[in-house]
Structure formats: structure tokens, C-alpha cells
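Morning, everyone. Please have the sequence and the structure open while I talk.

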Amino acid sequence: MNRKDFITTSALAISGFYFLQSDLLKAAERNVNIKKETIDAPIVIIGSGYGGAVSALRLCEAGKKVVMLEMGLNWEKAGIPYSNLLKPGKSSAWLKKKSIAPFMNIFSLTPFTGTLDRLDFENIKIWVGRGVGGGSLVNGGMAVTPKKNYFSEVFPELDAEKFYSYYFPLVQEELKVNVINENFLKECPYYQFTRVGEEEAHKAGFKTIRVPNVYDFKYMEKEFKNEVPRSALNTEVIYGNNHGKNSLDKTYLKKALETGNLEILDLHHVQSIRLNKDTTYTLNTNQIDTSGNVTAEKIFNCKKLILSAGTMGTLQLLMRSNAENSLPIHEKIGKNWGNNGNFMTGRNWVKPFSGGTGSKQSTIPVGGIDNWDDKEHTFFTEIAPLPMGMDVATALYLLINRVDKKGEVIYNKTNRSLTLHWDNSHTAKMKENAQYFVRKMNKANGGTRSHFLFNNGFGADICYHPLGGCVLGESTNEFGKLKHHENLYVLDGSLIPGTIGVNPFVTITAIAEYCIENLIKQNEFA
Ligand code: FAE
């Protein structure tokens, strides 16, 4: 090394050391300000979506004290309004600098603990809800009961009769499912997209169905008459609805809180789980502020732990805790994962000279095309809204297909996150169905493949319904108790083996009702 190199290297080393020191000092300073706390709670539920909310209500009704940890914000308590699609704001993304809707992400944001998050994998993007109420805050509210024969095919071990006579009707009542009035639908200008969608489907020889929803259609009729503040008719949905939608905070969670036995701690992000020698669990949890900064590190010790962090959240917690804390997990964890056959597509030039799909659109879908009985092209598709504040003469569809080739979730120790084995081979048949559908619709009605919305007209990488990876009866017992564990349960979408043939929250809720009822009967929480 010559003198010049020596001086340069030494200077770099010294400045490196200085920066390292100052970083360490800053981290230490931050650490001093971070509160540390240890809390004992007999039963902890992680996540406040469908599985978590059902578990909380039934346990609280049985007189059990429950602590629920939710990484997202309690929006009702915070009193912050949700944003709409045309003006994204605080609620529109989980700590991102830009909006993360499936299209048109032209909006800059100040990072905030918003309701919608997007998890980006190599070949697929997965959208999830964050906040007290989980996915119910951001979803379209479509409350669809699966076809009985497909339910039996997916869950051969379950008593379908009992599900269709008891659990599905129970959850429809608890979730406040209702159906739009046909006259309102016929006349309301905000449903032109549905009327056109159905008319065109019939012309192309497809069968349509009315789709129930948890959005209160009586409220929507009042919105239309300007008697109440507008929500669905004001482009509110995937960033939260200020009115009208019966999300979980207004149904299951509200009832659970009314028992006085539930405590919900929002902005509490569980990092990892440790199994103790006495079969209790210790959870390392970060309390965060609305900018995502850690304000406290809390250790929760619990006897019983229910994972309801949603498919991806539950898998992340189990796999990370296995890698870092040697938490035992069953060999099938991560397997049998699917996108519920989600495949988006669209059509441009839909009735461009006769009103198109409408400049005003309700955000709440009420129509679907049911092609499930066609053995060659088996799919169901939602006639989806695309409220852009003007008529774009474009129809949007979210197809739900069978998932004959399942994917797998694995854990990457280097970047401490999940990797998904999922590629074009998993979606090939879905694409074939979408091509068949779009071609048939265009042939009968005119229109083109939607290059306006998607590269090449197809959104193979858009997933709203991640399911599986911790399948009921495979890595859990018949009621969601994890194999290799005495006191650990999974109750959420990860129990469903990657597919259910329709939008999934009614099934997730019904399976959670079935599991928790039986776990309570078996004195698991005594
Ligand atoms: P989920 O509702 O995702 O709740 C999990 C909760 O756990 C979330 O609140 C997370 O913030 C929280 N969490 C995760 N990790 C942690 C952690 N480490 N610490 C603390 N908290 C954590 O779970 N389904 C339908 O049936 N009909 C629809 O119309 C529909 N539309 C949709 C539209 C959009 C845009 C999206 C994204 C989804 C839609 N879905 C729809 C899917 C549906 O919302 C989803 O299947 C369920 O919400 C999943 O329920 P889980 O109980 O599994």
C-alpha cells in the first residue's frame, strides 16, 4: 500500500468508525426513550380480522378475558376520516410514500399507518387490510357463500350440511349481509356499470347472479337521495368507508367489546413468538406511532395464543419464530397456498357512444358472472366498479378460478421475510379462462382487451384473497389447534387450502365460528 492509499484507507476507516459510533449513540439514545414493559394476559389473539373477531366474541361471551393485539390503527378511536379513491390521504397506504391501489398510483403520500397494505413478491402482489377490523376495513364487502359441492371438495372432512344449515346463516346474520333492491339497482345511475355488465354477459351467453354484501343498501338509498353523508357513492372503499359498510368494528368486535371482556391494543406489532418450557408463550411486540416509529417494546406472556394475523401475517409469524426462536412448526406449514384463483382483467371501448360504464359508479359490487358449471372454463367473476370520476368506457372483472396447482410459502432467513413459490405456471389456466371470457364478451358486444388497465390486458399478479399455508386438519387438528403445540391455535384465512371458488370472508368467518365453538366445548380455554 502506498502513502496515498494508506491515508485514504485510514481516513475512510476513521470516518466509518465515527459514523458507526454516532449511529450507535443515536440508536442508544432512541433505545433509552423506548419504554419497556412486560404484560401477563391469559389469552392473546394476534390480529383483528375475521378469524380474530369471531374468536374474540365467542371467548368473551364464554366469560374469558381476551387481549387482542393489532398492528394497525383503531380508526374509530382515532377519529381520523378515511380517504376516498380520488383523493388518497392518511388511510390509503400502510407507511408508503405513494398510493398502492391496483392502478393509477400517481399520488404522493406522507407515510402513515393507513388501512391498505401491499406485499410485493416476485410474481405476485398481495393486498391486505391493516387496522382494527383487518380486511373488513378495505374490502368490497361481497359476502358470498361458496358452492356446496366445491366446499365439500375443498373440505371433505367437514359436515357440509351443518355448515349450510347453521354456520353460514349464522355468519350472514352476524355480518349483517343484505341484498340490493332490484328497483334501486335498475334506476340508480351509479349502477350503470352493473347493468351494462349484466346485459353484455347475457348477450354473450353467460349466467349472472346477484351478489349479497355487508354494505347497508338502505343507507345507500338514502345517500342517493342526499339524506345522509355519502360513502359508497363518494368513491370510498379500499381506503375505508366512513359510512354504510358493516365492517367488523361495527359487528363482531363491537359485540365482543360490549361484553367488557375484550381489550384491543392497536398499533401493537407482534415481532416473534417464543414457546416457554411450561407451554406458555412469550410475544415480542413493538408499539408504534402513526409514522411507524417504535415507541415501546412490550413483552406479552400468555397461556393461550390465537394467531389471526391473516394468511400472510400468520405464516410470517410462525416461520420467523421457527427460524429465530426455534418455535416448533409442522412440516406442512407454508404448503397448500393459493391466490383463490384471483385473476384481474378488463375491457376497453365498452359502449363508448351510449353512456359507457358510467361516469358515476358506486364502489360496492352487486353483480357476478357465474361460469362455474362449465367444466372447461370454470370461473366466477365479479362485475367490479372502476370509479374514476369520469366515464372511461371500461369494464373491470376479478375472476375467481379453481387453483389446481398450489403454491408454497417459505422463509428467507437473510432478509427475514417470506418468499413465495408462485409463477406463471400457477396462473396459466386462469389466464386461459380470462382470455376465453374477454374474447366471448368482445365478440358479442364489441370492446377490446384492456391495455388501459393492464400490461397486455391481464393482471395475473393481482391478489386480494391469499389463502392457505396452515391448512385445517393438515398442520392443525380438526379445529385449528396447531400440531406440536398445547396452547397455540390458528383461526384465519390460512386454514383454507388456497381456494374456495368465491370471495372468501364468509367462509373464513364460518370456519372460525366452527373451530372456536368446538375448541371452547373441548375446554381448551378453561
Ligand atoms: P385479515 O382480515 O387480513 O386480518 C388480519 C389482521 O392481522 C390485520 O388487521 C393485520 O393488520 C393484523 N396483523 C397482521 N400481522 C400482525 C402482527 N404481526 N401483529 C399484529 N397484528 C397483525 O385476516 N373478501 C370477500 O369475501 N369479499 C370482498 O368483497 C373482498 N374484497 C377485498 C378487497 C380488497 C381490496 C382486499 C385487500 C381484500 C378483499 N377481500 C374480500 C378479502 C378479505 O378481506 C380477506 O380474505 C379477509 O380479510 C381475511 O381475513 P383474515 O381473518 O384471514
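Predicted model: local features only at pLDDT ≥ 70, side-chain atom pairs only at ≥ 80, totals over all residues.

Let's start inside. The largest nonpolar core has 159 residues. Which residues have the most contacts inside it? They are Ile126, Tyr191 and Leu305. Helix α12 gives the most to this core, with ten residues. As background, nonpolar side chains in soluble globular proteins tend to be buried together.

Take leucine 305 from that trio. Beyond residues up to four places away in sequence, leucine 305 touches Val44, Ile46, Ile273, Tyr281, Leu283, Asn487, Leu488 and Tyr489.

Now the helices. Two packed helices are described by the angle and the distance between their axes. First pair: α5, residues 160–174, and α12, residues 505–521. Their axes come within 9 Å and cross at roughly 110°. An angle of 65 to 115 degrees counts as roughly perpendicular, so α5 is roughly perpendicular to α12. Who meets whom here? On the α5 side, the residues are Lys162, Phe163, Tyr166, Tyr167, Phe168, Leu170, Val171 and Glu174. On the α12 side, they include Val506, Ile511, Tyr514 and Glu517. By class, this contact has ten nonpolar, three polar and four charged residues.

Gly197, Glu200, Ala201 and Lys203 in α7 meet Met441, Ala444 and Asn445 in α11.

On to single residues. Find threonine 363, in the loop between β11 and β12. Is threonine 363 buried or exposed? Buried, because its relative accessibility is 3% and the cut-off is under 20%. A polar atom of the threonine 363 side chain lies 2.9 Å from the backbone oxygen of glutamate 236. Leaving aside neighbours within four places in sequence, the contacts of threonine 363 include Leu85, Ala232, Glu236 and Pro387.

Serine 99 is next. Serine 99 sits in the loop between α3 and β3. With a relative accessible area of 4%, serine 99 is buried. Its side chain makes a polar contact with the side chain of asparagine 105, at 3.0 Å. Past the neighbours within four places in sequence, serine 99 is also in contact with Met104, Ile106, Phe107, Leu109 and Tyr239.

Now a strand residue. Alanine 384 is found in β13, residues 379–384. Alanine 384 is buried too, at 10% relative accessibility. Outside the four places either way in sequence, alanine 384 is in contact with Phe193 and Leu396. Leucine 233 is 151 residues apart from alanine 384 along the chain, and their C-alpha atoms are separated by 14 Å.

Most residues other than glycine have a negative phi. Asparagine 226 has a positive phi, near 60°. Asparagine 340 has a positive phi as well, about 60°. Where do they lie? Asparagine 226 is in the loop between α8 and α9. Asparagine 340 is in the loop between β10 and β11. As for accessibility, asparagine 226 counts as exposed at 58%, whereas asparagine 340 is buried at 0%.

Methods: Residues numbered from 1 in each chain as written. Heavy atoms only, no water. Axes fitted to C-alpha atoms, helices over the stretch in contact; angles between N-to-C directions. Helix = DSSP H or I, 4+ residues; strand = E, 2+ residues; numbered from the N terminus. Parallel < 35°, antiparallel > 145°, perpendicular 65-115°, else oblique. Contact = heavy atoms within 4.5 Å. Nonpolar A, V, L, I, M, F, W, Y, C, P; charged D, E, K, R; others polar. Buried < 20%, exposed > 50% of the residue type's maximum accessible area, 1.4 Å probe, protein only. Polar contact = N/O pair within 3.5 Å; in protein donor to acceptor, adjacent residues only side chain to side chain. Core = buried A, V, L, I, M, F, W, Y, C linked by side-chain atoms within 4.5 Å.
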